[in-house]
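Please keep the sequence and the model in view while reading.

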Amino acid sequence: SIEIISPIPLPLDDNNVSPVPSSGQEYYVYEGLHLLTVNEKKYFVFRDVDPITKKPLKVYVIEGNQSLQINLLP
């Protein structure tokens, strides 16, 4: 599992994610994601797995940058 913290909203089908204020800035926190792979500063993440095919239902590609924080969770 991973958690993504971003200063801007990300295209992750989370239209209900509200910014979290922190030290005078706002951040968007995305939880419940799983890391599929990383390739050339691009993070491929997904939320759910199809129970029949055992493959991710939808994969999101997130461009890594200086302001993006990705936390690996146990």
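**Strands and core**

In strand E3, Tyr28 is the bridge partner of Ser6. Helices (H or I, at least four residues) and strands (E, at least two) are DSSP runs, numbered from the N terminus, and two strands pair if DSSP finds at least two bridges between them. The model is predicted: local features need pLDDT of at least 70, side-chain atom pairs count only at pLDDT 80 or more, and totals for chains, interfaces and linings use all residues. Residues are numbered from 1 along each chain as its sequence is written, and side-chain values use heavy atoms, with hydrogens and water left out.

E1 and E3 run antiparallel and are joined by four bridges. E3 is also joined to strand E2 (residues 20-22) by three bridges, again antiparallel, with Pro21 opposite Glu26. Two residues separate E2 from E3 in a hairpin, where Ser23 in the turn has a positive phi of about 50°. Five bridges pair E3 with strand E4 (residues 42-46) in the antiparallel sense, and Thr37 stands opposite Phe44.

The largest nonpolar core has 11 residues, among them Ile4, Tyr28, Tyr60 and Leu68. Such a core is a set of buried Ala, Val, Leu, Ile, Met, Phe, Trp, Tyr and Cys residues joined through side-chain atoms within 4.5 Å. E3 gives the most to this core, with three residues.

Tyr60 lies in strand E5. Tyr60 counts as buried because its relative accessibility is 10%; buried means under 20% relative accessible area, exposed over 50%, partly exposed in between (1.4 Å probe, protein chains only).
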